[in-house]
Amino acid sequence: MGTMERLNNTVSPDGAKAEASNSPLESLLQKAATGDSQAFSDIYDLFAAKIFNFASHMVGVKEDAEDVTQNTFFLAYRNLKGLRELEHFEQWLYKIARNEVYKRHRKIKLRPDSLDDDENGLILVLKSPDLDGNPEHKLISAELGQKIRTVFKKLPIQYRETLILATLQGLSYQEISGIVGRSISSVKMDVHRARMIIAEKMRK
C-alpha cells in the first residue's frame, strides 16, 4: 500500500505492556500504535473506502479526495499512540478527514461540476419521510438524478457534511455529533434542513 510505504514505521514502541483488547479492531490498533505497519495496513483496508467516499462527496474532485484520504491515514498513524479511547477510533478518523477537508476548502475553490461519484448514492438523500412527492418518480428519472446532484453540491458545507455522514455513511446522530463537535439536536436539525432545502429546490 502506497500510504504505508510513506509512513515507514514512524511510531516507536513505548515499552508499555498492552492490555487485552476487547475486539479485533482494538487489537490491531494496539499493535499499530507500537509501530506495527502490517496492523495499520489492515486498519487502512477496513476504513479507506469510507474515508474516501466521505472526502469525495465533500471536496468534489477525485484527486483531492485521494489526497485527503492519504493525509488522513498518515496523520492517524502518526498520532495513534495518543488515542486513549480506541473504541472511538472511527469517529476520530472522521474528525481528521473532516479537518483535512476544511483545510482544502479554505485553500482552494471547490470544483463541484467535476464530482465523480455514484449518482444513486446521492439519490439516497431523498429516501426520507420528510420529503414530499412520489418516491418512484424521484428514483427512476436520470435527468432528475442529475438535478439532485447539482442541488446537493450547492448545499452549505455544514449541511452537506452532516447529510453525507448520516445518509451516505450511515453513522448515528451521536457519532456525527462527536465528529463535528455539535450537539445531537443540532446535527438532527442540520440534516433536516439539508433535506428541506433539497426538497424545496427540487419542487421548483
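**Exercise 1. Find which residues L171 is in contact with, leaving aside its neighbours within four places in sequence.**

Step 1. Contact is taken to mean heavy atoms within 4.5 Å. The model is a predicted one, in which local features need pLDDT of at least 70 and side-chain atom pairs count only at pLDDT 80 or more, while totals for chains, interfaces and linings use all residues. Residues are numbered from 1 along each chain as its sequence is written, and side-chain values use heavy atoms, with hydrogens and water left out.

Step 2. Once the neighbours within four places in sequence are set aside, L171 is in contact with E90, Y94, L165, A166, I176 and I179.

Step 3. To place L171, look in the loop between α9 (157-168) and α10 (173-180), where helices are DSSP runs (H or I, at least four residues) numbered from the N terminus. The C-alpha atoms of L171 and Q91 are separated by 9.4 Å, although these two residues are 80 residues apart along the chain.

Step 4. L171 has a relative accessible area of 10% and is therefore buried, a term that stands for under 20% relative accessible area, with exposed over 50% and partly exposed in between (1.4 Å probe, protein chains only).

**Exercise 2. Describe the aromatic pair of F54 and Y94, and then that of F89 and W92.**

Step 1. A pair of aromatic rings is described by the distance of the centres and the angle of the planes. Rings of Phe, Tyr and Trp (its six-membered ring) pair if their centres lie within 6.5 Å, and planes under 30 degrees apart count as stacked, over 60 as edge-to-face and the rest as tilted.

Step 2. By this rule there are six aromatic pairs. One of them joins F54 and Y94, with 5.7 Å centre to centre and 85 degrees between the planes, which is edge-to-face. Because F54 lies in helix α3 (residues 37-59) and Y94 in helix α5 (residues 89-107), the pair ties together parts that are 40 residues apart in sequence. Both F54 and Y94 are buried.

Step 3. The ring centres of F89 and W92 are 5.9 Å apart and their planes stand at 50 degrees, so this pair is tilted. F89 and W92 are separated by about one helical turn, because they are three residues apart in helix α5. F89, at 1% relative accessibility, counts as buried, and W92 counts as buried at 18%.

Key: Helix = DSSP H or I, 4+ residues; strand = E, 2+ residues; numbered from the N terminus.
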